[in-house]
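This report walks through one predicted model, helix by helix. Keep the sequence and the coordinates open while reading.

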Amino acid sequence: MLPQSKLQDVFFTAFMAFVMVYAMICYNISLNAHGLQNFVFLAAFKEMIIMWPIAVALEIIFVGKLAQKLAFRFVTPGKDPMIMIVLAISSMSVCLMCPLMSLAATILFKDAGSEFVAVWLQTTAFNFPMALCWQIFFAGPLVRNVFGLVMRAIGKGKENN
């Protein structure tokens, strides 16, 4: 299920951003630690405080509409299967968000100095395959299913009142 109102869109965006940002922070901490370790799961919450609001703001203000516009250049709502539309929008979101969030992480958490552009490009290159796979195969389906369950439960609650 996809959002049907502005309020639902904000909730969906915040939830998706949380799942994506948390996973990507865990991934990046693991890269720096030369492997996944138990401390990563708690350490990620320190960066979440900063990175999650950035992701939500970018998505709501800029990326969401642009990702749809780009996706609709090669898929047509009402004509193409819904899965193709969802995959196209999700892919375009990753194409836009990955460099932007990598830029934010480079500015905030990496001491890049005079190698700033190189560090940002490397961060983006390392993050992109993980972000795309995580979005398409895990975060996207999980968030859409949980969102659908919540919206159906709210709908049934309204019917019973």
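## Basis and overall fold

Helices (H or I, at least four residues) and strands (E, at least two) are DSSP runs, numbered from the N terminus. This is a predicted model, in which local features need pLDDT of at least 70 and side-chain atom pairs count only at pLDDT 80 or more, while totals for chains, interfaces and linings use all residues. Residues are numbered from 1 along each chain as its sequence is written, and side-chain values use heavy atoms, with hydrogens and water left out.

The chain has 4 helices and 0 strands. From the N terminus, the order is α-α-α-α. Along the principal axes, the C-alpha atoms fill a box of roughly 55 × 35 × 25 Å. Of the 161 residues, 35% are buried. Here buried means under 20% relative accessible area, exposed means over 50%, and partly exposed lies in between (1.4 Å probe, protein chains only).

How far does α1 reach from its first C-alpha to its last? The span is 38 Å for 27 residues, close to the 39 Å expected at 1.5 Å a residue. The expected span of a helix is 1.5 Å times one less than its number of residues.

The loop between α1 (6-32) and α2 contains His34. Phi of His34 is positive, near 60°, and the residue is not a glycine. Most residues other than glycine have a negative phi. His34 counts as exposed because its relative accessibility is 77%.

α2 has 33 residues, but its end C-alpha atoms are only 38 Å apart. A straight helix would reach 48 Å at 1.5 Å a residue. Where does α2 bend? The bend is at Glu59 and amounts to about 55°. The bend at a residue is the angle between axes fitted to the seven residues ending there and the seven starting there.

Glu59 is also among the buried residues of α2. Others in that set include Val40, Ala44, Met48, Met51, Ala55 and Val56. Further along, Val63, Gly64, Ala67 and Ala71 are buried too. An α-helix has 3.6 residues a turn, so residues three or four places apart point the same way.

Ala44 sits in helix α2. Its relative accessibility is 0%, so Ala44 counts as buried. Ala44 and Phe109 are 65 residues apart in sequence, yet 12 Å apart in space, C-alpha to C-alpha.

Met97 lies in helix α3. At 13% relative accessibility, Met97 is buried. Its C-alpha is 9.6 Å from that of Gly64, 33 residues away along the chain.

How many disulfides does a search of the whole structure find? The count is 0, where a disulfide is a pair of cysteine sulfur atoms within 2.5 Å. Cys95 is partly exposed, at 35% relative accessible area. Cys98 is buried, at 6% relative accessibility.

## A nonpolar surface patch

Which residues form the nonpolar patch on the surface? They are Ile49, Ile50, Ile107, Leu108 and Phe109, with about 480 Å² of accessible area together. Patches are made of residues with over 30% relative accessible area and no salt bridge; like charges are joined within 9 Å, and nonpolar side chains (Val, Leu, Ile, Met, Phe, Trp, Tyr) within 5 Å. A salt bridge is a side-chain nitrogen of Lys or Arg within 4 Å of a carboxyl oxygen of Asp or Glu. Accessible areas come from the Shrake-Rupley method with a 1.4 Å probe; for residues, only the protein chains shown count as cover.

α2 (39-71) and α3 (82-109) each supply at least two residues of the patch. The largest share, 3 residues, comes from α3. Leu108 lies in α3 and is partly exposed at 43% relative accessibility.

Helix α4 (residues 116-160) spans only 57 Å between its end C-alpha atoms. A straight helix of 45 residues would span 66 Å at 1.5 Å a residue. A kink of about 55° in α4 is centred on Gln135.

Phe116 belongs to α4. Phe116 is partly exposed, at 27% relative accessibility. The C-alpha atoms of Phe116 and Leu36 are separated by 26 Å, with the two residues 80 apart along the chain.
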